[in-house]
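Dear colleague,

Here is the structure I promised to pass on. My notes follow it.

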Amino acid sequence: MKNNSLKYWIFGFTGLLIALVTPAKAQLYASADFDSKYEMLMSNPGVQIEATEAINKLYNFKFAEADAEFRWLRYRYPSHPMPYFLMGLAEWWKIVPNTDDTRYDDRCIALMDTCILLAEKLYDTRENKIEPSFFLAAAYAFKGRIHSERKHWSRATFAGKNALKYLERCKGQSEISPELLFGDGLFNYFAEWIPDNYPLLKPVLWLFPKGNKQIGIQQLEKVGNNAFYTRTEARYFLLQIYGYENQYAKSYDLAKYSWETYPDNPYFERYYLRSAFVRGNSEEAEKIANSILSKIDAGKTGYEAVSGRNAAYVLAYYYNNHYHDLPKAKLYYQRTLDYAIQAKAFTSGYYLASLVGLGRIAEKEKDYEAAREYYKTAVDRGEKKSAQVKEAKEALTNLNKVRRDERRKRRD
């Protein structure tokens with residue numbers, strides 16, 4: 001950790017301790033002194049103290065409370081892009097649990113547009129271009145993420161080009177602030193990952209600099225440990241990257257830590273469930289799955305069909321394969337199907353595997369017509385090369401053989 005970052009961390013931690021024993025309206029520091037000393041607002045430890053609680057509330061899905069804090073920052077710094085960026089970030093996290101949900105798109109894009117407008121003014125008037133470049137790169141990147149989710153490819157490309165333009169101006173400046181390493185890490189990893197996984201995009205990417213996945217991971221890990229504003233965003237991407245790289249131990253540790261830090265964040269709890277399940281931590285995974293379903297039933301913010309589908313499948317798997325409790329297995333397989341239908345996720349592995357699971361149980365109960373329908377639905381809706389479709393096809397073949405044998409026995 002750099003000396004400045006360590007100093008800010010110590011200062012911020014001390015300030016938070018004082019805040020615990022000080023009335024909420026008390027002045028903990030002379031904000032004007034910090035404002036005059038720190039040219040970059042994102043390096044201002046006074047602002048970090050004020051923003052800490054709001055950011056924690058954002059990532060713990062307490063959006064209304066976070067918004068009140070961000071509005072206070074906007075009141076104090078009305079011409080700065082940071083408050084608008086943080087408010088836009090909150091809208092993005094409302095989308096994260098189910099990226100097919102479009103309800104928050106317009107407000108997120110509008111807030112990022114305001115952030116861009118103010119950052120451009122800052123860019124034009126300041127000699128030091130680093131901070132406005134950071135906010136311009138970040139705001140354009142979030143717009144690009146939304147447009148790409150909605151398959152608005154021309155808008156996504158335009159936003160992406162602008163993000164890269166301003167990212168280039170922040171490059172190599174991490175000694176000023178660890179936040180500036182975030183974009184470098186993302187670019188290094190995905191500039192190599194995308195052509196490897198989407199060969200059709202290689203001609204589009206040949207104009208860009210080459211990436212390096214390992215360096216990208218190291219940079220994001222550094223941001224995840226040392227940055228303030230982008231720390232949790234780095235962890236969000238690292239969870240996905242560890243999955244891509246089959247680094248399941250790292251994925252488990254980070255997901256567990258992230259969920260313990262933000263216990264009402266459905267995305268982190270979902271990743272914690274997945275990683276515990278993949279590693280065979282059955283008792284832990286079962287507990288998390290029940291927690292997720294309880295939060296959905298209680299209507300907690302962000303807990304919806306995508307998380308429910310994952311949790312219900314894990315419980316169905318355990319009741320079927322560990323406890324051999326077929327009635328409960330059927331119940332949770334059906335809940336998985338119900339959540340998948342709500343999410344319109346008809347090709348997801350959880351949906352298809354649940355159809356196959358229900359088919360196997362129906363066979364054991366000698367309800368061959370039901371079994372055939374489950375298998376046939378999996379074959380019809382799944383991708384031809386998926387493991388679940390292959391299993392369903394084999395099950396159909398075996399089922400037809402069993403039925404022929406039984407008919408033959410009855411004739412004999």
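Is tyrosine 317 buried, partly exposed or exposed? Tyrosine 317 counts as partly exposed, at 30% relative accessibility. Buried here means under 20% relative accessible area, exposed means over 50%, and partly exposed is in between (1.4 Å probe, protein chains only).

First, the ground rules. This is a predicted model: local features need pLDDT of at least 70, side-chain atom pairs count only at pLDDT 80 or more, and totals for chains, interfaces and linings use all residues. Residues are numbered from 1 along each chain as its sequence is written, and side-chain values use heavy atoms, with hydrogens and water left out.

Overall picture

The protein chain has 20 helices and zero strands. Both are DSSP runs numbered from the N terminus (helices H or I, at least four residues; strands E, at least two). Of its 412 residues, 50% count as buried. The chain exposes about 21,000 Å² (Shrake-Rupley method, 1.4 Å probe; for residues, only the protein chains shown count as cover). Carbon and sulfur atoms supply 53% of that area. Take contacts (heavy atoms within 4.5 Å) between residues at least 6 apart in sequence: 60% of them join residues at least 24 apart.

Helix α9

Helix α9 covers residues 181-197, 17 residues in all. From first C-alpha to last, α9 reaches 24 Å, close to the 24 Å expected at 1.5 Å a residue. The expected span is 1.5 Å times one less than the number of residues. α9 has a kink of about 25°, centred on phenylalanine 190. The bend at a residue is the angle between axes fitted to the seven residues ending there and the seven starting there. α9 is mostly covered, with 12 of its 17 residues buried. Among them are Phe187, Phe190 and Trp193.

Aromatic pairs

Rings of Phe, Tyr and Trp (its six-membered ring) pair if their centres lie within 6.5 Å; planes under 30 degrees apart are stacked, over 60 edge-to-face, and the rest tilted. The count comes to 36 aromatic pairs. One of them is edge-to-face: tyrosine 59 with tryptophan 93, 5.3 Å centre to centre and 85° between the planes. Tyrosine 59 is in helix α3 (residues 45-59) and tryptophan 93 in helix α5 (residues 82-95), so the pair ties together parts 34 residues apart in sequence. Tyrosine 59 is buried at 1% relative accessibility. Tryptophan 93 is buried at 0%.

Tyrosine 313 and tyrosine 317 have ring centres 6.4 Å apart and planes at 40°, so this pair is tilted. The two are four residues apart in helix α16 (residues 305-321), about one helical turn. Tyrosine 313 is buried, at 13% relative accessibility.

Charges over rings

The rule: NZ of Lys or CZ of Arg within 6 Å of the ring centre and within 35 degrees of the ring normal. The charged end of lysine 94 sits over the ring of phenylalanine 63, 5.5 Å from its centre. Arginine 274 lies over the face of tyrosine 271, 5.0 Å from the ring centre.

Two buried residues

Histidine 80 is in the loop between α4 (63-76) and α5. Histidine 80 is buried, at 7% relative accessible area. Beyond neighbours within four places in sequence, histidine 80 has contacts including Leu41, Arg126 and Glu131.

Lysine 143 is in helix α7 (residues 130-149). At 14% relative accessibility, lysine 143 counts as buried. Not counting residues up to four places away in sequence, lysine 143 touches Ile109, Met112, Asp113, Ile116 and Ala159.

Best wishes
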